[in-house]
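Trainee: I would like to go through the aromatic rings of this model. Where do we start?

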Amino acid sequence: MVEMGNTLKQLKSSPQFMTGFIILTAVLAMVIIYPLAVSTDQLEMVGKGIFYKPGTYVSAVDTVKQSLSSDKSYVLNIDASANRLSSMVSREDREDMITWLEKYGGVEKGTLTVSDDDVGKLLELWHEKYDASNPQKGMIAAKKKYYVRLDTSLKELLKEQDVIVAEQDADGSLQQQGKIADNIYVNISDVPNQRTFWLGTDNFGRDVLTELIYAIGTSLRIGLIAGVVATGIGLMFGLLAGFLGGIADDLIMFVTNLFTVIPSFIILILISYSVGQQARGIAMVAVIIGLTSWPWTARSVRSQVISLRNRDHVNMSKLSGHGLFRIILVDILPYMASYVVMAFILQISSGILAEAQLSMLGLGPATTKTATLGLMMNWAMTYTAHLNGSWWAYFPVILAIALISFSLNLMNTGMDQVFNPTLRE
């Protein structure tokens with residue numbers, strides 16, 4: 001117990017280990033607490049479209065009703081036209097306006113930009129300088145007509161836009177129920193039906209944040225299972241090969257070298273494909289990853305055991321008549337405990353990354369009940385989120401994978417500095 005206490009003190013004094021531990025703890029806390037606070041189904045298809053951008057969505061019907069209510073609507077002396085124009089005048093239209101003003105309106109080049117901050121100035125100069133009767137030498141007729149249409153649409157946008165609300169009666173005719181002035185506002189807290197998507201929705205209309213939290217938990221579970229399987233197999237083969245030596249060592253190392261020569265990811269792809277889509281559940285994929293990731297652990301453990309098997313306390317156990325497994329478990333394994341833990345941490349990280357790689361190739365878990373980080377990346381890539389600017393569908397996933405891998409590797413580095421005498425300061 002005293003030795004364990006000293007070890008924990010050494011780990012606490014390692015900045016790398018503590019940084020990684022804090023990051024991983026924060027991720028785990030989020031995975032545990034979020035489902036308790038938010039009870040929605042992780043794969044609920046909320047949106048009927050794909051890749052809704054992050055923000056708060058309110059019911060249009062409720063908003064109109066609140067606007068018609070004198071108790072729930074408010075008059076604000078705010079010029080809404082500028083903001084409306086900023087959102088409705090495209091970047092291309094702004095560039096065309098600037099081009100016209102610089103070429104035919106006498107505006108100096110570089111005075112205007114397409115940014116939202118310059119929209120007011122741009123519109124002011126446009127209405128002051130633009131003249132459809134200007135000869136506009138060198139401009140084709142189609143472009144002239146385009147500028148006329150653009151000028152007309154800008155003037156319409158600047159007008160006060162009162163909205164008339166009407167309902168259809170029994171005869172099918174519309175009856176006016178009210179009018180919403182341009183300066184009427186509603187408080188968003190008064191709108192009963194609203195939903196906030198902090199990270200928008202994905203290609204299936206699902207809340208990306210909720211999906212991401214559950215996906216992190218699933219990927220961690222895959223990494224944990226893969227780590228247990230890989231570390232267990234590698235530890236068993238490494239202990240036996242290192243302690244027994246001779247023919248047993250040669251046979252185990254022959255099998256290990258076979259797996260080492262052939263890239264493990266190629267073996268992983270072949271096994272995953274041969275298993276079939278229907279059988280590839282979360283646990284199955286994790287076990288497959290573990291079965292292909294053990295060789296480097298076995299080789300490293302074997303090297304450690306070879307350096308320990310001729311120690312005095314091991315020889316004393318042999319002379320005392322203790323059995324093979326008793327010597328391995330009592331006299332050798334405790335001296336390697338720190339190394340086994342470090343190998344296990346790296347195997348978890350490798351398992352998470354391997355699942356992401358498999359899923360990107362379409363060979364990940366075949367599940368409709370939960371998501372993984374790799375599956376989210378696969379869906380985003382399949383529906384071209386990276387091409388249409390839907391960053392929220394893939395960037396948080398990349399960040400989550402990077403954070404988890406970074407934290408686990410930091411913890412491993414910190415432990416290595418504590419337990420490896422050659423790295424101690």
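**Aromatic pairs**

Mentor: We start with the total. The model is predicted. Under the pairing rule, 14 aromatic pairs are counted.

Trainee: Which geometry do the rings of Phe204 and Tyr383 have?

Mentor: Their centres are 5.7 Å apart. Their planes meet at 70°. An angle over 60 degrees counts as edge-to-face, so the pair of Phe204 and Tyr383 is edge-to-face.

Trainee: How many residues apart are Phe204 and Tyr383 in the chain?

Mentor: Phe204 is in the loop between β6 (194-197) and α8 (208-244). Tyr383 is in the loop between α16 (373-382) and α17 (395-419). The pair links distant parts of the chain, 179 residues apart.

Trainee: What is the geometry of Phe237 and Trp294?

Mentor: The ring centres lie 5.1 Å apart. The planes are at 75°, so Phe237 and Trp294 are edge-to-face.

Trainee: Which parts does the pair of Phe237 and Trp294 tie together?

Mentor: Phe237 lies in helix α8. The parts are 57 residues apart in sequence. Trp294 lies in the loop between α11 (282-291) and α12 (295-308), so the pair ties helix α8 to that loop.

Trainee: Is Trp294 buried or exposed?

Mentor: Trp294 has 4% relative accessibility. The cut-off for buried is under 20%, so Trp294 counts as buried.

Trainee: Which ring does the charged end of Arg206 sit over?

Mentor: The distance to the ring centre is 4.5 Å. The ring under the charged end of Arg206 belongs to Trp379.

How values were computed
Residues are numbered from 1 along each chain as its sequence is written. This is a predicted model: local features need pLDDT of at least 70, side-chain atom pairs count only at pLDDT 80 or more; totals for chains, interfaces and linings use all residues. Side-chain values use heavy atoms; hydrogens and water are left out. Rings of Phe, Tyr and Trp (its six-membered ring) pair if their centres lie within 6.5 Å; planes under 30 degrees apart count as stacked, over 60 as edge-to-face and the rest as tilted. Helices (H or I, at least four residues) and strands (E, at least two) are DSSP runs, numbered from the N terminus. Buried means under 20% relative accessible area, exposed over 50%, partly exposed in between (1.4 Å probe, protein chains only). A charge sits over a ring if NZ of Lys or CZ of Arg is within 6 Å of the ring centre and within 35 degrees of the ring normal.
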